Amino acid sequence: MVRATCRAAQAAAPAGVVRAHGETAWVPHPCHGRPVMKEVDLFVIGGGSGGVRAARIAAGHGARVALAESSRIGGTCVIRGCVPKKLMVLASRCSQEIDVATAFGWTVGERRFDWERLRSNIAAEVSRLEAAYTNGLLQAGVSVLYDRATLEDRGVVRLAGSGEAIRARRILIATGARPSTAEELPGAELASDSDAFFEWHLQPARVLVQGAGYIALELGCLLQRLGSQVTLVMRGTTVLRGFDNGLREHLQQALFETGMAIVPRCTVTGLTRHADGSIQAKLSDGSSAAFDAVLRATGRQPNTRELNLEQVGVATTASGAIVVDEWSQTSVAGVYAIGDVTARALLTPAAVREGHALADTLFGGRKVPVAHDLIPTAVFTTPEAATVGLGEEGAAARFGAIDVYEARFKPMKHAMSAQPGHMLIKVIVDRASDRVLGVHIVGPEAAEMIQLAGIALQMGATKAQFDAVLPVHPTAAEEIVTLRAPTRRHG
(Lines give C-alpha, C1' and ligand atoms only; values in the text may rest on other atoms or scores of the structure.)
Protein backbone atom coordinates (compact mmCIF):
# COMPACT_ATOMS: atom_id res chain seq x y z
CA MET A 1 0.00 0.00 0.00
CA VAL A 2 1.31 3.45 -0.91
CA ARG A 3 2.16 5.81 1.90
CA ALA A 4 2.97 9.47 1.41
CA THR A 5 3.50 12.47 3.64
CA CYS A 6 3.77 16.21 3.09
CA ARG A 7 5.25 17.91 0.05
CA ALA A 8 8.35 18.84 2.04
CA ALA A 9 9.08 15.16 2.59
CA GLN A 10 8.43 14.42 -1.06
CA ALA A 11 10.83 17.15 -2.12
CA ALA A 12 13.58 15.74 0.11
CA ALA A 13 13.24 12.22 -1.31
CA PRO A 14 14.50 10.89 -4.67
CA ALA A 15 12.03 10.85 -7.57
CA GLY A 16 9.37 8.25 -6.95
CA VAL A 17 10.31 7.76 -3.28
CA VAL A 18 8.42 9.13 -0.27
CA ARG A 19 9.42 8.72 3.35
CA ALA A 20 6.94 8.26 6.17
CA HIS A 21 7.68 7.32 9.79
CA GLY A 22 11.26 6.58 8.79
CA GLU A 23 10.14 4.15 6.08
CA THR A 24 10.98 4.37 2.40
CA ALA A 25 8.07 3.53 0.12
CA TRP A 26 7.88 3.30 -3.66
CA VAL A 27 5.55 5.81 -5.29
CA PRO A 28 5.35 5.43 -9.09
CA HIS A 29 6.45 8.46 -11.06
CA PRO A 30 4.44 9.61 -14.14
CA CYS A 31 7.53 9.08 -16.30
CA HIS A 32 7.74 5.42 -15.32
CA GLY A 33 4.65 4.46 -17.32
CA ARG A 34 1.34 3.17 -16.03
CA PRO A 35 1.98 1.49 -12.67
CA VAL A 36 0.66 -1.77 -11.34
CA MET A 37 -2.71 -1.37 -9.59
CA LYS A 38 -2.68 -1.28 -5.78
CA GLU A 39 -5.64 -2.34 -3.63
CA VAL A 40 -7.17 -0.84 -0.47
CA ASP A 41 -10.28 -1.41 1.62
CA LEU A 42 -11.30 2.27 1.52
CA PHE A 43 -10.21 5.04 -0.80
CA VAL A 44 -11.20 8.54 0.33
CA ILE A 45 -11.33 11.33 -2.24
CA GLY A 46 -10.94 14.61 -0.38
CA GLY A 47 -8.90 15.60 2.68
CA GLY A 48 -11.38 17.88 4.42
CA SER A 49 -12.74 17.36 7.92
CA GLY A 50 -15.23 14.67 6.89
CA GLY A 51 -12.83 12.69 4.74
CA VAL A 52 -10.04 12.87 7.32
CA ARG A 53 -12.33 11.62 10.09
CA ALA A 54 -13.66 8.74 7.98
CA ALA A 55 -10.15 7.70 6.98
CA ARG A 56 -8.77 7.79 10.52
CA ILE A 57 -11.67 5.86 12.06
CA ALA A 58 -11.68 3.27 9.28
CA ALA A 59 -7.93 2.74 9.67
CA GLY A 60 -8.44 2.42 13.43
CA HIS A 61 -10.85 -0.45 12.71
CA GLY A 62 -8.07 -2.20 10.80
CA ALA A 63 -8.99 -1.19 7.25
CA ARG A 64 -6.35 -0.45 4.61
CA VAL A 65 -7.08 3.18 3.78
CA ALA A 66 -5.74 5.68 1.24
CA LEU A 67 -6.75 9.33 1.00
CA ALA A 68 -6.14 11.63 -1.96
CA GLU A 69 -6.16 15.42 -1.67
CA SER A 70 -5.19 17.74 -4.52
CA SER A 71 -4.80 20.83 -2.33
CA ARG A 72 -4.14 20.96 1.44
CA ILE A 73 -5.19 18.57 4.17
CA GLY A 74 -7.94 20.13 6.27
CA GLY A 75 -10.24 21.28 3.51
CA THR A 76 -12.40 24.38 3.54
CA CYS A 77 -12.97 24.47 7.29
CA VAL A 78 -9.33 24.42 8.37
CA ILE A 79 -7.64 26.12 5.42
CA ARG A 80 -10.10 28.75 4.13
CA GLY A 81 -13.25 28.62 6.25
CA CYS A 82 -14.29 28.08 9.85
CA VAL A 83 -10.87 28.29 11.51
CA PRO A 84 -9.29 31.36 9.84
CA LYS A 85 -12.69 33.06 9.84
CA LYS A 86 -13.22 32.55 13.58
CA LEU A 87 -9.72 33.83 14.30
CA MET A 88 -10.52 36.97 12.30
CA VAL A 89 -13.84 37.32 14.12
CA LEU A 90 -12.01 37.21 17.45
CA ALA A 91 -9.61 39.86 16.18
CA SER A 92 -12.52 42.07 15.11
CA ARG A 93 -14.00 41.96 18.62
CA CYS A 94 -10.89 43.39 20.25
CA SER A 95 -11.96 46.95 19.46
CA GLN A 96 -15.25 46.39 21.29
CA GLU A 97 -13.37 44.89 24.23
CA ILE A 98 -11.28 48.05 24.45
CA ASP A 99 -14.43 50.19 24.52
CA VAL A 100 -15.94 48.06 27.26
CA ALA A 101 -12.69 48.13 29.26
CA THR A 102 -12.85 51.91 29.64
CA ALA A 103 -16.26 51.57 31.30
CA PHE A 104 -14.65 49.23 33.81
CA GLY A 105 -11.94 51.73 34.78
CA TRP A 106 -9.17 50.83 32.34
CA THR A 107 -7.18 53.50 30.48
CA VAL A 108 -6.35 52.29 27.00
CA GLY A 109 -3.52 53.67 24.89
CA GLU A 110 -3.11 54.00 21.14
CA ARG A 111 -5.19 51.76 18.91
CA ARG A 112 -3.58 50.44 15.78
CA PHE A 113 -4.60 47.38 13.78
CA ASP A 114 -2.19 45.55 11.46
CA TRP A 115 -4.06 43.49 8.83
CA GLU A 116 -0.92 41.84 7.45
CA ARG A 117 0.28 40.76 10.90
CA LEU A 118 -3.10 39.17 11.57
CA ARG A 119 -2.97 37.34 8.22
CA SER A 120 0.53 36.09 8.95
CA ASN A 121 -0.38 34.81 12.40
CA ILE A 122 -3.49 33.08 11.07
CA ALA A 123 -1.50 31.47 8.26
CA ALA A 124 0.91 30.04 10.82
CA GLU A 125 -1.94 28.62 12.91
CA VAL A 126 -3.61 27.13 9.84
CA SER A 127 -0.35 25.46 8.85
CA ARG A 128 0.00 24.04 12.36
CA LEU A 129 -3.48 22.56 12.16
CA GLU A 130 -2.84 21.20 8.69
CA ALA A 131 0.25 19.41 9.97
CA ALA A 132 -1.72 18.03 12.92
CA TYR A 133 -4.41 16.67 10.59
CA THR A 134 -1.80 15.11 8.33
CA ASN A 135 0.14 13.55 11.20
CA GLY A 136 -3.09 12.16 12.61
CA LEU A 137 -3.75 10.39 9.32
CA LEU A 138 -0.25 9.00 9.08
CA GLN A 139 -0.20 7.80 12.67
CA ALA A 140 -3.47 5.99 12.02
CA GLY A 141 -1.85 4.19 9.10
CA VAL A 142 -3.58 6.07 6.29
CA SER A 143 -1.74 6.52 2.98
CA VAL A 144 -1.89 10.24 2.14
CA LEU A 145 -1.61 11.00 -1.57
CA TYR A 146 -1.25 14.59 -2.79
CA ASP A 147 -2.99 14.09 -6.09
CA ARG A 148 -6.35 14.55 -7.78
CA ALA A 149 -8.37 11.34 -7.82
CA THR A 150 -11.23 10.44 -10.15
CA LEU A 151 -13.49 7.43 -10.52
CA GLU A 152 -12.41 5.23 -13.43
CA ASP A 153 -14.70 2.26 -12.92
CA ARG A 154 -16.70 0.64 -10.16
CA GLY A 155 -14.15 0.00 -7.47
CA VAL A 156 -11.29 1.70 -9.32
CA VAL A 157 -9.78 5.14 -8.69
CA ARG A 158 -7.27 6.84 -10.98
CA LEU A 159 -4.73 9.43 -9.76
CA ALA A 160 -4.43 12.27 -12.27
CA GLY A 161 -0.85 13.25 -11.48
CA SER A 162 0.87 9.88 -11.24
CA GLY A 163 -1.51 7.99 -13.50
CA GLU A 164 -1.71 5.26 -10.88
CA ALA A 165 -4.85 3.14 -10.66
CA ILE A 166 -5.95 1.90 -7.25
CA ARG A 167 -8.58 -0.75 -6.68
CA ALA A 168 -10.79 -0.07 -3.67
CA ARG A 169 -13.40 -2.27 -2.06
CA ARG A 170 -15.19 0.91 -1.09
CA ILE A 171 -14.81 4.50 -2.28
CA LEU A 172 -15.79 7.58 -0.28
CA ILE A 173 -16.30 10.93 -2.01
CA ALA A 174 -15.72 13.81 0.42
CA THR A 175 -14.77 16.64 -1.91
CA GLY A 176 -16.90 19.33 -0.24
CA ALA A 177 -18.19 22.42 -1.99
CA ARG A 178 -16.85 25.57 -3.60
CA PRO A 179 -18.14 29.16 -3.80
CA SER A 180 -20.82 29.69 -6.43
CA THR A 181 -19.65 31.48 -9.55
CA ALA A 182 -21.25 34.39 -11.39
CA GLU A 183 -19.97 34.23 -14.95
CA GLU A 184 -23.14 35.94 -16.16
CA LEU A 185 -22.32 39.10 -14.17
CA PRO A 186 -20.48 41.72 -16.24
CA GLY A 187 -17.16 42.31 -14.51
CA ALA A 188 -17.51 39.21 -12.30
CA GLU A 189 -13.72 38.73 -12.40
CA LEU A 190 -13.36 41.90 -10.29
CA ALA A 191 -15.15 40.33 -7.32
CA SER A 192 -13.64 37.98 -4.76
CA ASP A 193 -15.28 34.86 -3.41
CA SER A 194 -14.90 33.62 0.16
CA ASP A 195 -11.81 31.57 -0.77
CA ALA A 196 -10.04 34.59 -2.25
CA PHE A 197 -11.00 36.73 0.74
CA PHE A 198 -8.41 34.99 2.90
CA GLU A 199 -5.71 35.97 0.39
CA TRP A 200 -6.37 39.72 0.59
CA HIS A 201 -3.04 41.38 1.42
CA LEU A 202 -4.55 44.77 2.19
CA GLN A 203 -7.64 45.67 4.16
CA PRO A 204 -10.06 47.52 1.86
CA ALA A 205 -11.59 50.72 3.20
CA ARG A 206 -14.91 50.27 1.35
CA VAL A 207 -16.33 46.81 0.78
CA LEU A 208 -19.46 45.66 -1.04
CA VAL A 209 -20.69 42.27 0.20
CA GLN A 210 -23.32 40.46 -1.83
CA GLY A 211 -25.31 37.84 0.07
CA ALA A 212 -27.15 37.38 3.36
CA GLY A 213 -26.17 33.92 4.56
CA TYR A 214 -23.58 32.64 7.02
CA ILE A 215 -20.52 33.59 4.99
CA ALA A 216 -21.67 37.02 3.82
CA LEU A 217 -22.70 38.09 7.32
CA GLU A 218 -19.66 36.70 9.12
CA LEU A 219 -17.09 38.19 6.73
CA GLY A 220 -18.98 41.44 6.32
CA CYS A 221 -19.36 41.85 10.08
CA LEU A 222 -15.71 41.20 10.90
CA LEU A 223 -14.61 43.64 8.17
CA GLN A 224 -16.92 46.30 9.57
CA ARG A 225 -15.54 45.84 13.08
CA LEU A 226 -11.96 45.91 11.84
CA GLY A 227 -12.58 49.35 10.39
CA SER A 228 -13.83 48.83 6.83
CA GLN A 229 -17.09 50.42 5.73
CA VAL A 230 -19.29 47.54 4.59
CA THR A 231 -22.36 47.70 2.36
CA LEU A 232 -24.43 44.50 2.34
CA VAL A 233 -26.60 43.90 -0.73
CA MET A 234 -29.20 41.11 -0.60
CA ARG A 235 -32.15 39.85 -2.62
CA GLY A 236 -34.51 39.48 0.33
CA THR A 237 -35.69 41.86 3.01
CA THR A 238 -34.08 40.12 5.99
CA VAL A 239 -30.80 38.25 6.52
CA LEU A 240 -30.42 34.50 7.14
CA ARG A 241 -33.26 33.03 5.11
CA GLY A 242 -34.58 29.87 6.76
CA PHE A 243 -33.83 30.91 10.34
CA ASP A 244 -36.42 31.93 12.93
CA ASN A 245 -37.84 35.30 11.83
CA GLY A 246 -37.43 36.90 15.24
CA LEU A 247 -33.75 35.96 15.29
CA ARG A 248 -33.29 37.27 11.74
CA GLU A 249 -34.82 40.65 12.50
CA HIS A 250 -32.96 41.02 15.78
CA LEU A 251 -29.59 40.25 14.18
CA GLN A 252 -30.21 42.53 11.21
CA GLN A 253 -30.91 45.44 13.53
CA ALA A 254 -27.76 44.66 15.50
CA LEU A 255 -25.66 44.69 12.32
CA PHE A 256 -27.23 47.98 11.27
CA GLU A 257 -26.27 49.47 14.65
CA THR A 258 -22.60 48.65 13.99
CA GLY A 259 -22.67 51.03 11.04
CA MET A 260 -23.09 48.43 8.32
CA ALA A 261 -25.15 49.68 5.38
CA ILE A 262 -27.81 47.13 4.39
CA VAL A 263 -29.50 47.30 0.98
CA PRO A 264 -32.47 44.87 0.76
CA ARG A 265 -34.31 43.65 -2.35
CA CYS A 266 -31.31 44.38 -4.55
CA THR A 267 -28.63 42.63 -6.61
CA VAL A 268 -25.35 43.60 -8.25
CA THR A 269 -25.82 44.01 -12.02
CA GLY A 270 -22.32 44.97 -13.11
CA LEU A 271 -18.76 45.78 -12.02
CA THR A 272 -16.17 47.98 -13.73
CA ARG A 273 -12.63 49.01 -12.76
CA HIS A 274 -11.74 52.69 -12.39
CA ALA A 275 -8.33 54.10 -13.24
CA ASP A 276 -7.61 54.60 -9.53
CA GLY A 277 -8.12 50.89 -8.88
CA SER A 278 -11.54 51.18 -7.26
CA ILE A 279 -14.50 49.09 -8.44
CA GLN A 280 -17.73 50.73 -9.60
CA ALA A 281 -20.73 48.57 -8.73
CA LYS A 282 -24.09 48.98 -10.42
CA LEU A 283 -27.14 47.75 -8.50
CA SER A 284 -30.54 46.60 -9.68
CA ASP A 285 -32.23 49.59 -8.03
CA GLY A 286 -30.40 51.88 -10.46
CA SER A 287 -27.83 53.16 -7.96
CA SER A 288 -24.08 53.00 -8.37
CA ALA A 289 -21.13 53.40 -5.99
CA ALA A 290 -17.36 52.88 -5.83
CA PHE A 291 -15.71 50.28 -3.59
CA ASP A 292 -12.20 49.09 -2.92
CA ALA A 293 -13.27 45.44 -2.91
CA VAL A 294 -16.34 43.39 -3.77
CA LEU A 295 -17.03 40.11 -1.97
CA ARG A 296 -19.56 37.68 -3.42
CA ALA A 297 -21.01 35.19 -0.94
CA THR A 298 -24.18 33.99 -2.62
CA GLY A 299 -23.95 30.27 -1.96
CA ARG A 300 -21.82 27.20 -2.58
CA GLN A 301 -21.84 24.42 -5.16
CA PRO A 302 -20.96 20.75 -4.62
CA ASN A 303 -17.45 19.88 -5.80
CA THR A 304 -18.34 17.12 -8.25
CA ARG A 305 -16.64 18.34 -11.41
CA GLU A 306 -13.98 16.06 -12.93
CA LEU A 307 -14.88 13.09 -10.72
CA ASN A 308 -16.29 11.09 -13.66
CA LEU A 309 -19.48 10.40 -11.74
CA GLU A 310 -21.52 9.94 -14.89
CA GLN A 311 -19.12 7.34 -16.24
CA VAL A 312 -19.57 5.19 -13.15
CA GLY A 313 -23.29 5.92 -12.79
CA VAL A 314 -23.33 7.95 -9.58
CA ALA A 315 -26.59 9.94 -9.49
CA THR A 316 -26.54 13.68 -8.78
CA THR A 317 -29.12 16.42 -8.38
CA ALA A 318 -29.58 19.34 -10.75
CA SER A 319 -27.14 21.36 -8.62
CA GLY A 320 -24.50 18.64 -8.83
CA ALA A 321 -24.95 17.28 -5.31
CA ILE A 322 -24.45 13.53 -4.95
CA VAL A 323 -27.64 11.66 -4.06
CA VAL A 324 -27.21 9.40 -1.00
CA ASP A 325 -29.43 7.41 1.35
CA GLU A 326 -29.43 7.58 5.16
CA TRP A 327 -26.23 5.48 5.23
CA SER A 328 -24.36 7.81 2.82
CA GLN A 329 -24.62 5.17 0.06
CA THR A 330 -24.77 6.56 -3.48
CA SER A 331 -26.66 4.99 -6.38
CA VAL A 332 -23.61 2.79 -7.04
CA ALA A 333 -22.82 -0.06 -4.68
CA GLY A 334 -19.55 0.45 -2.85
CA VAL A 335 -19.42 4.21 -3.54
CA TYR A 336 -20.33 6.57 -0.68
CA ALA A 337 -20.43 10.33 -0.20
CA ILE A 338 -20.46 12.60 2.86
CA GLY A 339 -20.32 16.27 3.72
CA ASP A 340 -21.06 19.31 1.59
CA VAL A 341 -20.80 17.34 -1.66
CA THR A 342 -24.16 15.75 -0.73
CA ALA A 343 -25.79 19.09 0.24
CA ARG A 344 -27.55 17.44 3.20
CA ALA A 345 -26.19 19.84 5.80
CA LEU A 346 -23.48 22.31 4.75
CA LEU A 347 -21.76 22.27 8.12
CA THR A 348 -18.37 20.86 9.10
CA PRO A 349 -19.65 19.01 12.21
CA ALA A 350 -22.23 17.24 10.03
CA ALA A 351 -19.52 16.07 7.63
CA VAL A 352 -17.37 14.86 10.52
CA ARG A 353 -20.26 12.96 12.09
CA GLU A 354 -21.20 11.42 8.73
CA GLY A 355 -17.63 10.31 8.12
CA HIS A 356 -17.26 8.78 11.57
CA ALA A 357 -20.61 7.01 11.32
CA LEU A 358 -19.79 5.61 7.88
CA ALA A 359 -16.44 4.22 9.05
CA ASP A 360 -18.11 2.59 12.05
CA THR A 361 -20.83 1.17 9.83
CA LEU A 362 -18.50 -0.23 7.16
CA PHE A 363 -15.58 -1.39 9.28
CA GLY A 364 -16.61 -1.19 12.94
CA GLY A 365 -19.24 -3.90 12.94
CA ARG A 366 -22.16 -1.64 13.89
CA LYS A 367 -24.58 0.44 11.83
CA VAL A 368 -24.56 4.05 12.97
CA PRO A 369 -27.20 6.41 11.53
CA VAL A 370 -26.83 10.19 11.44
CA ALA A 371 -29.85 12.38 12.19
CA HIS A 372 -30.00 15.65 10.24
CA ASP A 373 -33.19 17.01 11.74
CA LEU A 374 -31.79 18.56 14.94
CA ILE A 375 -28.48 20.32 14.27
CA PRO A 376 -27.22 23.13 16.53
CA THR A 377 -25.59 25.87 14.49
CA ALA A 378 -24.13 29.33 14.99
CA VAL A 379 -23.43 32.37 12.86
CA PHE A 380 -20.24 34.03 14.09
CA THR A 381 -21.25 37.61 13.58
CA THR A 382 -20.93 40.09 16.44
CA PRO A 383 -23.29 39.62 18.17
CA GLU A 384 -23.42 35.87 17.55
CA ALA A 385 -26.63 34.19 16.41
CA ALA A 386 -27.24 30.55 17.30
CA THR A 387 -30.12 28.17 16.91
CA VAL A 388 -31.23 24.57 17.37
CA GLY A 389 -34.57 23.02 16.46
CA LEU A 390 -37.60 24.68 14.90
CA GLY A 391 -38.22 28.38 14.51
CA GLU A 392 -41.51 29.97 15.52
CA GLU A 393 -42.99 29.86 12.02
CA GLY A 394 -41.96 26.28 11.30
CA ALA A 395 -43.11 25.05 14.70
CA ALA A 396 -46.52 26.70 14.32
CA ALA A 397 -46.98 25.18 10.86
CA ARG A 398 -46.00 21.70 12.03
CA PHE A 399 -47.49 21.50 15.52
CA GLY A 400 -50.23 24.15 15.49
CA ALA A 401 -50.54 24.91 19.19
CA ILE A 402 -47.21 26.28 20.42
CA ASP A 403 -46.04 28.69 23.10
CA VAL A 404 -43.26 31.20 22.50
CA TYR A 405 -41.12 32.38 25.42
CA GLU A 406 -38.88 35.34 24.75
CA ALA A 407 -36.51 37.65 26.63
CA ARG A 408 -34.65 40.73 25.39
CA PHE A 409 -32.12 42.43 27.65
CA LYS A 410 -28.80 44.24 27.63
CA PRO A 411 -25.87 41.96 28.49
CA MET A 412 -24.37 42.69 31.91
CA LYS A 413 -20.96 43.21 30.32
CA HIS A 414 -22.35 46.17 28.37
CA ALA A 415 -24.50 47.63 31.15
CA MET A 416 -21.91 50.30 31.97
CA SER A 417 -20.66 50.92 28.43
CA ALA A 418 -22.08 52.71 25.43
CA GLN A 419 -22.22 49.51 23.39
CA PRO A 420 -25.56 49.25 21.58
CA GLY A 421 -27.79 46.22 21.27
CA HIS A 422 -29.71 43.72 23.38
CA MET A 423 -29.62 39.95 23.67
CA LEU A 424 -32.45 37.79 22.41
CA ILE A 425 -33.29 34.43 23.98
CA LYS A 426 -36.26 32.59 22.54
CA VAL A 427 -37.69 29.18 23.42
CA ILE A 428 -40.41 27.44 21.37
CA VAL A 429 -42.60 24.84 23.13
CA ASP A 430 -45.17 22.33 21.88
CA ARG A 431 -48.22 23.03 24.06
CA ALA A 432 -49.62 19.49 23.84
CA SER A 433 -46.48 17.64 24.98
CA ASP A 434 -44.58 20.50 26.67
CA ARG A 435 -41.53 19.44 24.63
CA VAL A 436 -39.06 22.19 23.71
CA LEU A 437 -39.02 22.44 19.92
CA GLY A 438 -36.43 25.16 19.42
CA VAL A 439 -34.02 27.54 21.13
CA HIS A 440 -32.76 30.71 19.43
CA ILE A 441 -30.17 33.15 20.82
CA VAL A 442 -28.56 36.37 19.63
CA GLY A 443 -25.84 37.84 21.81
CA PRO A 444 -22.40 37.21 23.36
CA GLU A 445 -21.45 33.51 23.62
CA ALA A 446 -24.64 32.41 21.86
CA ALA A 447 -22.73 29.60 20.16
CA GLU A 448 -21.47 28.23 23.47
CA MET A 449 -24.98 28.26 24.93
CA ILE A 450 -26.66 26.63 21.94
CA GLN A 451 -24.27 23.67 22.07
CA LEU A 452 -25.58 22.77 25.54
CA ALA A 453 -29.18 23.55 24.61
CA GLY A 454 -28.76 21.09 21.74
CA ILE A 455 -28.11 18.28 24.22
CA ALA A 456 -31.38 19.00 26.00
CA LEU A 457 -33.37 19.06 22.76
CA GLN A 458 -31.73 15.86 21.53
CA MET A 459 -32.94 14.19 24.73
CA GLY A 460 -36.48 15.48 24.19
CA ALA A 461 -36.50 17.83 27.18
CA THR A 462 -39.73 19.55 28.19
CA LYS A 463 -40.29 23.13 29.28
CA ALA A 464 -41.04 21.85 32.80
CA GLN A 465 -37.61 20.21 32.87
CA PHE A 466 -36.02 23.47 31.73
CA ASP A 467 -37.86 25.27 34.53
CA ALA A 468 -36.66 22.75 37.11
CA VAL A 469 -33.01 23.58 36.45
CA LEU A 470 -31.47 25.94 39.02
CA PRO A 471 -30.23 29.06 37.21
CA VAL A 472 -26.60 30.17 37.37
CA HIS A 473 -26.68 33.82 38.43
CA PRO A 474 -25.70 36.30 37.13
CA THR A 475 -25.45 34.93 33.59
CA ALA A 476 -27.21 35.45 30.29
CA ALA A 477 -27.82 31.71 29.99
CA GLU A 478 -30.01 31.68 33.09
CA GLU A 479 -32.74 33.31 31.04
CA ILE A 480 -33.20 30.01 29.21
CA VAL A 481 -34.45 28.37 32.42
CA THR A 482 -36.28 31.35 33.95
CA LEU A 483 -38.76 32.14 31.16
CA ARG A 484 -42.07 31.65 33.00
CA ALA A 485 -44.91 33.16 30.94
CA PRO A 486 -45.37 32.82 27.17
CA THR A 487 -44.77 35.97 25.14
CA ARG A 488 -46.99 34.68 22.33
CA ARG A 489 -49.24 31.70 21.71
CA HIS A 490 -50.18 30.06 18.41
CA GLY A 491 -53.16 27.79 17.84
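## Aromatic pairs

Four aromatic pairs turn up in a search of the whole structure; rings of Phe, Tyr and Trp (its six-membered ring) pair if their centres lie within 6.5 Å, and planes under 30 degrees apart count as stacked, over 60 as edge-to-face and the rest as tilted. One of them joins phenylalanine 197 and phenylalanine 198 in an edge-to-face pair, 5.1 Å centre to centre with 80° between the planes. Both phenylalanine 197 and phenylalanine 198 are buried (buried means under 20% relative accessible area, exposed over 50%, partly exposed in between, with a 1.4 Å probe and protein chains only). Ring pairs also link Trp115, Phe197, Phe198 and Trp200 into a cluster.

Tyrosine 214 and phenylalanine 243 are edge-to-face too, because their ring centres are 5.7 Å apart and their planes stand at 65°. This pair links distant parts of the chain, 29 residues apart: tyrosine 214 is in helix H8 (residues 214-225), while phenylalanine 243 is in the loop between strand S11 (229-233) and helix H9 (245-257). Tyrosine 214 is partly exposed, at a relative accessible area of 28%, whereas phenylalanine 243 is buried, at 15%.

## About the model

This is a predicted model, in which local features need pLDDT of at least 70 and side-chain atom pairs count only at pLDDT 80 or more, while totals for chains, interfaces and linings use all residues. Residues are numbered from 1 along each chain as its sequence is written, and side-chain values use heavy atoms, with hydrogens and water left out.

## Charges over rings

Two places to look for a charge over a ring come next. Arginine 170 lies over the face of phenylalanine 363, 5.3 Å from the ring centre, and lysine 463 lies over the face of tyrosine 405, 4.3 Å from the ring centre. A charge sits over a ring if NZ of Lys or CZ of Arg is within 6 Å of the ring centre and within 35 degrees of the ring normal.

Strand S13 (residues 268-273) pairs with strand S14 (residues 279-283) in the antiparallel sense over five bridges. Two strands pair if DSSP finds at least two bridges between them; helices (H or I, at least four residues) and strands (E, at least two) are DSSP runs, numbered from the N terminus. Glycine 270 stands opposite lysine 282 in S14. Five residues lie between the strands of this S13 and S14 hairpin, where glycine 277 takes a positive phi near 95°.

S14 also pairs with strand S15 (residues 288-291), in the antiparallel sense over four bridges. Here alanine 281 stands opposite alanine 289 in S15. The hairpin of S14 and S15 has four residues between the strands, and glycine 286 takes a positive phi near 95°.

## A pocket

The second largest pocket has a volume of about 780 Å³. On a 1 Å grid over the protein atoms alone, a cavity is a set of points where a 1.4 Å probe fits but cannot get out, and a pocket is an open set with protein on both sides within 12 Å along at least five of seven lines; lining residues have an atom within 4 Å of a point. Grid points are joined across faces, edges and corners, and a volume is the space filled by probe spheres set on the points.

Of the 33 residues lining the second largest pocket, Gln96, Pro411, His414, Gly443 and Pro444 are the closest to its centre. Helix H5 (94-103), H8 and H9 each supply at least two residues of that lining.
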